[in-house]
Amino acid sequence: MPPPPHVLHPPFNIVRLSHVELRVTNLAKSRAFYVDTLGLQVTEEDDEAIYLRAMEERGHHCLILRKAKAPAASVLGFKVYEEADLDRAKSFFEAKGLTTSWVERPFQGRTLSTRDPQGIPLEFYHRMERLAPIHQQYQLYKGVKPLRIDHFNCFTPDVDASADFYAQMGFRLTEYTEDEETGRLWAAWMHRKGGVHDMAFTNGRGPRLHHLAFWVPTPLNIIDLLDLMATTGYVAHIERGPGRHGISNAFFLYIRDPDGHRIEIYCSDYQTVDPDHEPIRWDLKDPQRQTLWGAPAPKSWFEEGSSFDGVEIREPSLNAQPIVAP
Ligand SMILES: [Fe+2]
């Protein structure tokens, strides 16, 4: 299947990815990881949940940690440009035969809940409580100095279908990995906000959340985080990297939180706002697509991810595999 073309006037206008809710089994352990180690800022907390934002963010939350019996991802959140986009989004999903509902969410205005065709739980809102800027309160910067949430990456059993659906919502393809034998997409990176991606899809058992990523100021912040994690009991939580991605050209590190949710620390990809920005094709067997320096990713990176609460996981329809580290 050819990669999906850009839809420059989509039926509703998504500004960017916004937030994710993760179910975690021990709030204190998660707080030690996300607040004391990564340096995210607490904006609200009680016995059931912790709301967090990164240093540049003016919206109330980019990550919600909710206490639960088992780890899972609950929902991926996106901000739309104006209130009327929520009604347009509702019509779009219902025309596809997908169920929608209006839900109450703390600190958010009217919020539309739905699922994409693969089953990924999504929510859309326009208004979120706005907070005072803290990006120049340098005494608050800690850990890896996270500036903002950057993207989600999800396993999907059908990357062609997922990429096509998100293209219809106006997500524009920036880079993609193709399986030479079948001509099918193995992975796709798609954006709304003008970077390489707000949302990426990886072929695999899914749908599952593969990771969420935070943008940090420089690669040196990633080195500092590695030193901190290696000497504060988190050495086993370092999964892959640091390194330079071929795809996206970003400097990266993958780590796992106390429940195994995967977090990417990410910086310095490139601008993609031109409406005629052409996507870059990569071959699945090219080891430099994963890491420009050639090191393959570990097996866990291709197999492990966070299930979405209550969503059935299916085997991928494409069996092709990239080169994997032993
Ligand atoms: Fe990523």
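**Figure 1. Histidine 151, a buried residue at the iron site.** Histidine 151 is buried, because its relative accessibility is 0%. The model shown here and in the other views is predicted. His151 coordinates the iron ion through NE2. His211 (NE2) and Glu264 (OE) are the other donors, and the distances are 2.0 to 2.1 Å. Along the sequence, the donor residues follow the spacing H-x59-H-x52-E. Histidine 151 comes from strand β9 (residues 148–156) and histidine 211 from strand β13 (residues 208–215), so the two tie together parts that are 60 residues apart in sequence.

**Figure 2. Surroundings of histidine 211.** Histidine 211 is placed in strand β13. Its relative accessibility is 1%, so histidine 211 counts as buried. Its side chain makes a polar contact of 3.0 Å with the side chain of glutamate 264. Both residues also coordinate the iron ion. Leaving aside residues up to four places away in sequence, histidine 211 touches His151, Phe152, Asn153, Tyr254, Arg262, Glu264 and Trp301.

Figure 3. A disulfide is a covalent bond between the sulfur atoms of two cysteines. The structure holds 0 of them. Cysteine 62 is in no disulfide, and its nearest cysteine sulfur, that of cysteine 154, is 16 Å away. Cysteine 154 is likewise in no disulfide, with the sulfur of cysteine 62 as its nearest. The cut-off for a disulfide is 2.5 Å between the sulfur atoms. Cysteine 62 is buried, at 1% relative accessibility. Cysteine 154 is also buried, at 0%.

**Figure 4. Tyrosine 138 and tyrosine 141, an aromatic pair.** The count of aromatic pairs comes to 23. In the pair of tyrosine 138 and tyrosine 141, the ring centres are 4.8 Å apart and the planes meet at 20°, so the pair is stacked. The cut-off for stacking is an angle under 30 degrees. Tyrosine 138 is exposed, with a relative accessible area of 59%. Tyrosine 141 counts as buried, at 13% relative accessibility.

**Figure 5. An aromatic cluster.** One cluster is formed by Phe12, Phe78, Phe92, Phe93, Phe124, Phe152, Phe165, Tyr166, Phe171 and Phe201. Phe152 of this cluster is also among the residues that histidine 211 touches.

**Figure 6. Arginines over tryptophan rings.** Arginine 110 has its charged end over the ring of tryptophan 102, 4.4 Å from the ring centre. Arginine 240 lies over the face of tryptophan 301, 4.8 Å from the ring centre. Trp301 is also one of the residues touched by histidine 211.

How values were computed: Residues are numbered from 1 along each chain as its sequence is written. This is a predicted model: local features need pLDDT of at least 70, side-chain atom pairs count only at pLDDT 80 or more; totals for chains, interfaces and linings use all residues. Side-chain values use heavy atoms; hydrogens and water are left out. Donors are N, O and S atoms within 2.8 Å of the metal (3.2 Å for Na, K and Ca); water is not among the atoms, so sites may look incomplete. Helices (H or I, at least four residues) and strands (E, at least two) are DSSP runs, numbered from the N terminus. Buried means under 20% relative accessible area, exposed over 50%, partly exposed in between (1.4 Å probe, protein chains only). A polar contact is a pair of N or O atoms within 3.5 Å; within protein, one must be able to donate a hydrogen and the other to accept it, and residues adjacent in sequence count only if both atoms are side-chain atoms. Contact means heavy atoms within 4.5 Å. Rings of Phe, Tyr and Trp (its six-membered ring) pair if their centres lie within 6.5 Å; planes under 30 degrees apart count as stacked, over 60 as edge-to-face and the rest as tilted. A charge sits over a ring if NZ of Lys or CZ of Arg is within 6 Å of the ring centre and within 35 degrees of the ring normal.
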